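This report looks at how the parts of one protein chain meet.

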Amino acid sequence: PGSRSGRDGETLGSIAEIEFDHGKLRIKLDVDLGDRLAGGRYQLPKQGFLYFEAAGDISQIDRKKKALKMLTDGRAQNPYLSEFLFDSSQARSPDKLVKLDREDLLNRNANDDQLAAVEMVLSARDLILIQGPPGTGKTTVIAEICYQIARKGGKTLIASQANLAVDNALSRLVHNPAIRALRKGKAHKVQEEGQPFLEENAIGTWLQNTATDCEQKLSQRQINVTSLRQLLADFDRFNAYSAAERVFFKGLKHLHDGKADIEEKLSAQTAAYQLSLTAKSEIASLVDGLENLLAAPEINWESSEVAEFMPKLKPYSEGNVLVENFMANVRICVNHAIQIGFDRPMCGAFGIAVWLRETVAPQLSEFNTACDRAEEVCHAMSGVAESLRVSRQLADAVNQLQLGDKQNQTHRHNLEQKISNLELRKTEIAAVVVAVAGWIETADTGLYEVVKACWETGAMLTDEMVELPAGLLKIARQLKMPIVPPKCKVSLPDLDRLRQALSHEATAGFKDIQGQQFRFSEFLHLNLSQTPIVLTAGDRTQWQQLAKDFASYTQVSPSQRKFIIEKASTFLANIQQFYSESLQPNQIQATFDRLVKELLHSILGNARQCIVPLKTETEQQLIKQQQLLDKIGQTVSHPQISAAQLQVETAQQEANLKISEVTNLLQAIVELPNVPEKLRILAEQYLAQKSNIWEQPQHFVKQVDVWKSSLIQLEKSLADLDPFGILEVVKTTLDEQLSPLQIAATTAHEQLVTLQAELSEITAQLQQQQPTAGLIVERNWWESAWQTIPNKYQPEVPSTGLFSVDFLSKIKRLFKHWQRELEREETALNRSQNFVTDWIEKLRNPSEKDRNDLKQIYIDNANVIGITCVQAASFDFSKNFPSFDAVIIDEVSKCTPPELLIPALKGRKLVLVGDHRQLPPMFNQSTIDDIAEDIGCTGDELSFIKESLFKILFESAGDGIKKMLTTQYRMHPQIMGAINQFYQQKLNCGILEADTRRAHHLAGDIIKEHNHILWVKTPVGQGFEEGKQGTSRLNVREIDAIELLCEQMETAWRPKMVEGEPPKEIGIITFYGAQLNAIKDRIAAERFPSLSIRTGTVDIFQGMERPVIIVSTVCNNIRGDIGFAKEPERVNVAFSRAQELLIVVGCHDLFTQQTGTVGKMYQEVSKTVRHCGGFVDVSSVLN
């Protein structure tokens, strides 16, 4: 400027960095000034003044403070704002859920997520949170919300931290008479997208759009009247045609109904005829098969032919008493045969019956002989069992005699040992009594010294201090009884300190306050747990009760705590008053004498409680044990035991003889010819394990009884088995059923022939039934007339076609509706046509006064207002727009709480739209450190303010007030694969034919047509190391690679420019300012005329999109440091800007080998690139 205080100078830009140590100021130049400097149109003066303006920043701070004050004072349009703004769980649930029809939408192509989000907003009472990942159409949702609220007569505020976000949202508002949008704020900061909505521009746009809309509606109404008149003019002809069609349809319907009836009967009769033929054929086949079987000289019942044939007879023999009795008899016989030990053949009942008669019956006599021998074994086994029982009884008697003698001797020895121990204990007790008597003689002097020492040191009294006899202490410890009173001290604690603690607790409201070391209750309990023996017996009892009260202090109510405090205060005051004199120097001698007497009395009392009961018990036990010893008799004599043992040996010899007899009988059974196999096996088992003879005789007996019973039953049942006679009975039954079936088949065939003739006749009549020439003419007319009916009046044509009688009846009813519609349209047209024509003329060519009046009307009735958050606090805006039905804050993740609070105060409901997976609010670390210093904490403790409020609200909100949009329309699926990890893989691609609609057309040596994501890999080091510029970083070799990539794109896109395509939009993003400046210097626009290149940091690109994005990661070092690139939100923004092609240039190994979540993030990106075949070595680019 021209002076120190003037503002008439050139605007240089904004301060980027201050180096106080070197006296340097780094300024980020204004874009326009930079262009002028580069073009030689401006030169900085060699000397002058720098003017720094902070009035705008101070004004913003004041506005935010005012908003916080308004929130604190409750001056918000929604009285619950202070509750739910920082705790989304406090937002009220909807009274009812709003559902929208797609016909009522501004954008009828909205997906289900977008529609659900709009419905959620319309239903909400307080707060709605909408997460819009990249390209998911959140601005489309904002536009729809504005439209729906405008339809109901409401007003919406669209606000954001940045002008661009506001302008983007407004630009999606397609023209509709219900929407009157207005952009407020500083006009020079409004982006191109928001310019049409400024006050000066909005009225012109609105006038032209409204005039066009009125013309279209008037023209449509005129078309409707003309179309309806033409429709109604043909009513009489249509009515006559419809009647003729009904007559023709009636004749056809009669014939079709008759044909359908005959076809139904024919189908049923055909089925009945086929059924009778099948049944007749099946029975005839069975008869032939049965005759062949009976005539065969020898039958193999186990052959597959017989096995398949016999079950076919079963349905025709069911209910026959002879057959059923036969089958039951076969089942009984075969069960008995199996029980005896025969293996049944694998065949049916008739084959088994033949086997029973021919194979089993001849062997039954030999089986009976074997069973008789087995019964002899059973009788012999019972004798063995009886002999062994007698032997065991005698042996048990001998054992009892021997055991009784041994136990008698053991018992005597134990009693003698107990008596000896009791005598020893009696002697020890007597010695303790003598020792105590000796201790008493010098106790007064010793106890006095102990009491005095405890008084002086404050130590607790213990058994060791008193020097009691060792025997007494041993007995007391064995009995776990105290001799010296436990937990006792001579002196009182600091009563003043205790009373002071009681006073503090009462003042604090009995809340168990925390001291420097202990809580109040812990401190009191600790001091009261040691009882002073200076107290009288009654006071000691009260003291110990207080200790118990404070041990449970935390578990009682405040009123009970108050009672305990008052009781303790009174008691301690009395103690202090009563005992203070006795502890004075002139009274201390008398007090010590009293304490010695009381202590001696207590010790002797406790000693008596230990010794006297123990002495009494010992004497009683001695008498009792001596009496038991006297009662034990003499031991059993040896001759008695020897005689009993002789009887046992005799009984065992007799049992062994009987076992030999059983063994011989079993051996005889084994050697018999044709013995049942099961009996032979059983006998061999008992011979191999002879102990079974006397241990399990019942098992042998049981088996023999079962086999004997089965033999008897089998002999009786075999006599009644006659399989071939029963088969003759079955054949007779089949013959009886065959004759009626032959008659039924003949009758069914005759009826079938008759129905076929009737069907042929009615089919011929239908073929002759054709519409008349007149009806055909009318049908042609109706087809032509249908094409002239406007689509909106046309009902859906049924599958039966235009000539369907039901459809014609529906059209006839519509004529009445069209008549009413014509009357309404004519009335409306006659009433408003002239007025609307004049209105259109006025809108097209307004006078200056009309234009100003309409402008004011538009402004006064604007129902969608766009402004930045901070500008919404300006005086004029607050005055003109004090409240809104809904406040929508876009890109809310980047807003600080004070920023979003300003517009939030104006809304009856608040809609927060953003994405907490993208960049949060930006805070300079030095700012955070300054705040921390002001409020007295560390910068780390304030790190939470970097976190987006939207993230906190969204993650704690219930499903009823939040919605995530999951269908993205921006990027090719390959690019989406790299960022989907940030959204738990919930994103899906809504682009149809993405390979075509997101084709980049930049194919060349490096970039291929199928590539939509590439990673140009640079090595660690090897000339690709990062450099430093101040505190920032840069990587020149990465810029070399980017420059060559741009050259390939220029070559590939140049032919498209010749064909008339606009320049290809390329975005180059980096994480560092130094790299950004170097890229701008290198990638000059004039070198790439076919490309429209925009460069910037990640922060600048949030909210933007470009067909092609190149990301320069910069970092390349052996330290493993990747700087800003470790933040997932920053990486997400960088990678999600691309629509057609994303190219990452950087050190792959450095990024993917990071530890923890950062490494996993880049590994997921690497996995996607590898799957898409997108890795390119930097050498192939540079060479």
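The sections below cover the model, a domain contact and the nonpolar cores.

## Model and domains

This is a predicted model: local features need pLDDT of at least 70, side-chain atom pairs count only at pLDDT 80 or more, and totals for chains, interfaces and linings use all residues. Residues are numbered from 1 along each chain as its sequence is written, and side-chain values use heavy atoms, without hydrogens and water.

The domain assignment (automatic or from a database) gives domain 1 (14-57), domain 2 (73-214 + 845-967), domain 3 (442-611) and domain 4 (971-1180).

## Domain 2 against domain 4

The C-alpha centres of domain 2 and domain 4 are 32 Å apart. Domain 2 puts 19 residues into the contact (heavy atoms within 4.5 Å), and domain 4 puts in 21 residues.

Together they bury about 1,600 Å², 56% of it on carbon and sulfur atoms. Buried area is the accessible area (1.4 Å probe) that two parts lose on being put together, summed over both. Pro 134, Arg 917 and Leu 919 supply 37% of what domain 2 buries against domain 4, more than any other three residues.

## Nonpolar cores

A nonpolar core joins buried Ala, Val, Leu, Ile, Met, Phe, Trp, Tyr and Cys residues through side-chain atoms within 4.5 Å; buried means under 20% relative accessible area (1.4 Å probe, protein chains only). The largest has 159 residues, of which Leu 81, Ile 130, Trp 782, Trp 818 and Leu 910 touch the most other members. Domain 2 and domain 4 both give residues to this core, so it lies between them.

A second, separate core has 66 residues, including Val 287 and Phe 700.

Methods:
Buried means under 20% relative accessible area, exposed over 50%, partly exposed in between (1.4 Å probe, protein chains only).
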